[in-house]
Amino acid sequence: MTFADVYARLVAAKHCAPGCSAKELVWESGKLRLFRYLPTAASSGTAPLLIVYALVNRPYMMDLQEDRSLIRGLLDAGLTVYLIDWGYPDGADRFTTLADYIDRLLAGCVEQVLAAHRLGALNMLGVCQGGVLSLCFAALHPRKVRNLITMVTPVDFHTPGDLLSKWARNIDVAAWVGDGNVSGGVLNQLFLALMPFRLGHQKYMDLLLGNPGQAQVDNFMRVERWIFDSPDQAGTAFQEFVTWFYQENRLARGRLEIAGRKVDLRSLQLPLLNLIGSKDHLVPRDASNALQGLVGSKDCTTLEFELGHIGMYISARAQREVPAAIVRWLAQR
Amino acid sequence: MNFDSLIAPLRDSADRFATAAGKYLEGTQTPGPSAAEAARTFGDFLRVETMELFQFPWSTNFASGGGAGAATPPAMPPAMQDPPAFGLNREHQLRWQRSAENGRRVGEAQHRLQLLWSDALRDAAIAFAARLQSADSGDAKGAAPGAATLRGLYDSWIDCAEEAYARIARSDPFSSALADFINASSAWRKESQASIELWAKALDLPTRSELNTLTRRVNSLEEQLRSTEPRDPTRKEPPRARRPSGARRGKRP
């Protein structure tokens with residue numbers, strides 16, 4: 001295969017859009033949108049699952065394409081799935097706080113789902129930073145979450161292998177944020193700087209030299225779109241997140257307060273499933289694995305997959321194993 | 001930018017890599033000093049070739065203003081270094097001086113980062129040359145390098161480079177230089193914003209500060225409004241799942 005062939009396939013993949021499962025908008029507040037995915041199988045009878053994605057990337061990674069969709073796997077197992085899309089913050093959102101995200105917007109989504117199903121509690125799946133938001137919410141509103149699943153979620157931000165945390169330690173975040181938002185592009189550059197040779201060079205060489213088929217190129221282009229489709233971060237919430245979590249490690253130290261209330265992981269008594277990628281370069285294994293020792297729950301399961309951060313969402317192995325693990329765990333509860 | 005121009009740098013890079021790898025493999029046909037020299041040359045080639053990876057995109061923003069982006073810290077004219085500020089333009093002069101000082105700090109921090117990146121690439125080149133010398137490349141000797149051989153060399157270089165970079169990136173000097181770079185950039189931006197706001201006020205244009213004040217007022221009003229609403233709406237009246245007109249549905253493939 002020549003470079004011209006690869007180029008032709010890249011051109012053909014230009015219009016590949018992410019997203020494959022049908023969904024409907026059920027609620028919106030400001031830029032936030034709450035979607036319900038339409039069922040693809042008979043209901044399993046479990047409580048609805050609300051997926052809380054991170055603020056730093058777009059949530060369509062959870063439903064990228066038919067053979068790379070965690071959501072599709074959950075739907076096919078009969079789960080009722082909701083997904084939060086936080087939207088793209090702009091200048092008007094610069095003073096949005098973590099309390100706004102957790103105690104107002106996330107809480108609003110939970111209320112919508114509970115009301116729609118006439119339930120008192122739902123199941124929650126927090127992904128990456130969304131897992132941190134989920135842990136905070138569950139600690140603040142323990143009766144509203146029946147089972148909590150965290151996926152590639154940092155809990156202890158001061159583990160030795162956490163390069164991002166080490167870099168963040170000496171940054172004057174207040175000065176960085178100023179009174180504005182933080183550019184998603186700049187954050188992306190920092191993420192890529194964690195492994196610049198693999199992420200900035202080898203990945204593209206792999207594509208050019210790997211004789212990729214059209215499906216592979218389509219997938220590549222969707223993932224590229226996701227990686228660089230990075231919303232700016234609401235300034236105040238970003239400053240709080242970096243300061244409280246990355247610099248001061250308040251969550252693990254039991255010193256975190258959101259909206260004036262203490263977030264105490266030891267108070268979490270609900271069943272917990274923690275999904276870890278052992279090759280995760282963004283959220284090191286130890287940063288996630290700390291959860292089990294910090295929560296009060298006696299029903300805390302940790303499952304480790306030999307996958308990287310993105311591989312946990314979209315690798316072929318993740319498609320086979322991750323939804324099945326979630327469904328199995330929920331069914332047992 | 002079309003895909004062809006997007007791919008061109010990678011294609012050129014692959015061509016240069018293949019040429020350099022071919023020379024290296026030729027050089028290894030004769031064991032001894034020439035093989036070691038070939039390995040060192042190949043490692044040096046890769047060191048230079050991948051240096052461009054280490055450019056923060058925002059560093060170019062300072063290239064014209066603060067001097068960052070240059071290989072060495074910019075030298076400020078002696079008369080401008082720290083003149084006393086007084087008179088009608090006192091505040092303006094102080095702002096310019098702060099801006100210049102922040103630009104100098106940005107350049108200095110970037111210079112330290114570039115030295116560390118250079119160290120990482122040097123270490124990577126040494127490790128790569130050592131790996132090449134210890135590897136048995138007998139099957140490739142005397143023949144034009146095949147795709148698998150080139151690929152193996154390339155992947156080996158990436159492994160060496162990531163390992164060397166990881167050691168440097170985890171060091172205290174790197175973290176310190178990166179933080180200094182970001183902190184100085186933040187201070188430079190703040191002074192620049194203040195300067196631009198002065199011009200905006202002179203032209204009676206709205207400023208970011210004014211917009212921020214208004215945003216805070218709106219947020220405060222929203223907060224007051226929310227505080228008058230029931231804390232948990234489901235206890236009095238279950239909220240209806242809201243479907244905006246023309247409720248959107250996800251596309252089916």
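1. Start with strands β1(A) and β2(A), where β2(A) covers residues 32-37. These two run antiparallel and are joined by six bridges. One of the pairings to look for is A:Ser29, whose bridge partner in β2(A) is A:Leu32. Keep in mind as you look that this is a predicted model.

2. Now zoom out to the whole sheet. It's an open one with eight strands, and in chain A the order reads β1-β2-β6-β3-β7-β8-β11-β12, with mixed pairing. The edges belong to β1 (23-29) and β12 (300-305) of chain A; each has a single partner strand, so one of its sides has no neighbour in the sheet. Going from one strand to the next, the twist averages 20°.

3. Which strands does helix α3 of chain A touch? This helix, residues 98-117, packs on the sheet against β1, β2, β3 (49-52), β6 (81-85) and β7 (122-127) of chain A. Its direction makes about 130° with that of β1(A).

4. Helix α4 of chain A (residues 129-140) packs on the sheet too, touching β3, β7 and β8 (145-151) of chain A. Compare its direction with that of β7(A) and you get an angle of about 145°.

5. How do the two helices sit relative to each other? The axes of α3(A) and α4(A) come within 10 Å and cross at roughly 80°, which means α3(A) is roughly perpendicular to α4(A).

6. Last, check who meets whom. From α3(A) come A:Tyr101, A:Ile102, A:Asp103, A:Leu106 and A:Ala107, and they meet A:Leu133, A:Cys136, A:Phe137 and A:Leu140 of α4(A). Sorted by class, this contact between α3(A) and α4(A) has eight nonpolar residues, one charged and no polar ones.

Methods
Residues are numbered from 1 along each chain as its sequence is written. Chains are lettered from A and ligands numbered from 1 in the order in which they are written. This is a predicted model: local features need pLDDT of at least 70, side-chain atom pairs count only at pLDDT 80 or more; totals for chains, interfaces and linings use all residues. Two strands pair if DSSP finds at least two bridges between them. Helices (H or I, at least four residues) and strands (E, at least two) are DSSP runs, numbered from the N terminus. Axes are lines fitted to C-alpha atoms, for helices over the stretch in contact, and angles run from 0 to 180 degrees between N-to-C directions. Two residues are in contact if their C-beta atoms, placed from the backbone, lie within 7 Å. Angles under 35 degrees count as roughly parallel, over 145 as roughly antiparallel, 65 to 115 as roughly perpendicular and the rest as oblique. Ala, Val, Leu, Ile, Met, Phe, Trp, Tyr, Cys and Pro count as nonpolar, Asp, Glu, Lys and Arg as charged, and the others, Gly among them, as polar.
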